[in-house]
Amino acid sequence: MQLQNSETVDRLSLLLEYLKEDPGDAFTRFALAMEYVKTGNEDRALETFEALVGDQPDYVGTYYHLAALYLRKGLTDEALETYRAGIRIADRQRDTHARAELQSALLEAEGFGFDDE
């Protein structure tokens, strides 16, 4: 279900306000990028995800969504490398759940996850 315009603006405003209060909060930055995706502002989402990966590379949740966005934009090489980078972070953190999601997405992006039946 698509959010009403005022709800979207309110959510974006709230997240931007949180970000002003704590510019280093990875969760707020991630939530802001996801909100940009939801509102169709993929360029802004991409900027936000890339900045988050650059500033806080250990925030493993970013990699899956950034790579998926790269794929939607036709940037396959960037997507594959982003999935691989996320897998390395997840391995280092021993986050088996994140690793499994990233590995599955990587295999699908490489063409190994499709059911051709």
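Nine salt bridges are counted in the predicted model. One of them joins Arg72 to Glu42, with 3.1 Å between the closest N and O atoms. This pair connects distant parts of the chain, as Arg72 lies in helix H4 (residues 61–72) and Glu42 in helix H3 (residues 42–55), 30 residues apart. Arg72 is partly exposed at 47% relative accessibility, and Glu42 is likewise partly exposed, at 24%.

A salt bridge is also formed by Arg92 and Asp58, whose closest N and O atoms are 2.5 Å apart. Here too distant parts of the chain are linked: Arg92 belongs to helix H5 and Asp58 to the loop between H3 and H4, with a separation of 34 residues. Arg92 is exposed, having a relative accessible area of 56%, whereas Asp58 is partly exposed at 43%. Glu81 pairs with Arg88 in a further salt bridge, with the closest N and O atoms at 2.9 Å. Glu81 counts as partly exposed, at 39% relative accessibility, as does Arg88, at 46%.

The chain contains six helices and zero strands. Of its 117 residues, 33% are buried. Among contacts between residues at least 6 apart in sequence, 41% join residues at least 24 apart. The accessible surface of the chain amounts to about 7,400 Å², and carbon and sulfur atoms contribute 50% of this area.

Arg94 occupies the loop between helix H5 (76–93) and helix H6 (96–109). The phi angle of Arg94 is positive, near 55 degrees. Most residues other than glycine have a negative phi. Arg94 is exposed, with a relative accessible area of 75%.

Definitions and conventions
Residues are numbered from 1 along each chain as its sequence is written. This is a predicted model: local features need pLDDT of at least 70, side-chain atom pairs count only at pLDDT 80 or more; totals for chains, interfaces and linings use all residues. Side-chain values use heavy atoms; hydrogens and water are left out. Helices (H or I, at least four residues) and strands (E, at least two) are DSSP runs, numbered from the N terminus. Buried means under 20% relative accessible area, exposed over 50%, partly exposed in between (1.4 Å probe, protein chains only). Contact means heavy atoms within 4.5 Å. Accessible areas come from the Shrake-Rupley method with a 1.4 Å probe; for residues, only the protein chains shown count as cover. A salt bridge is a side-chain nitrogen of Lys or Arg within 4 Å of a carboxyl oxygen of Asp or Glu.
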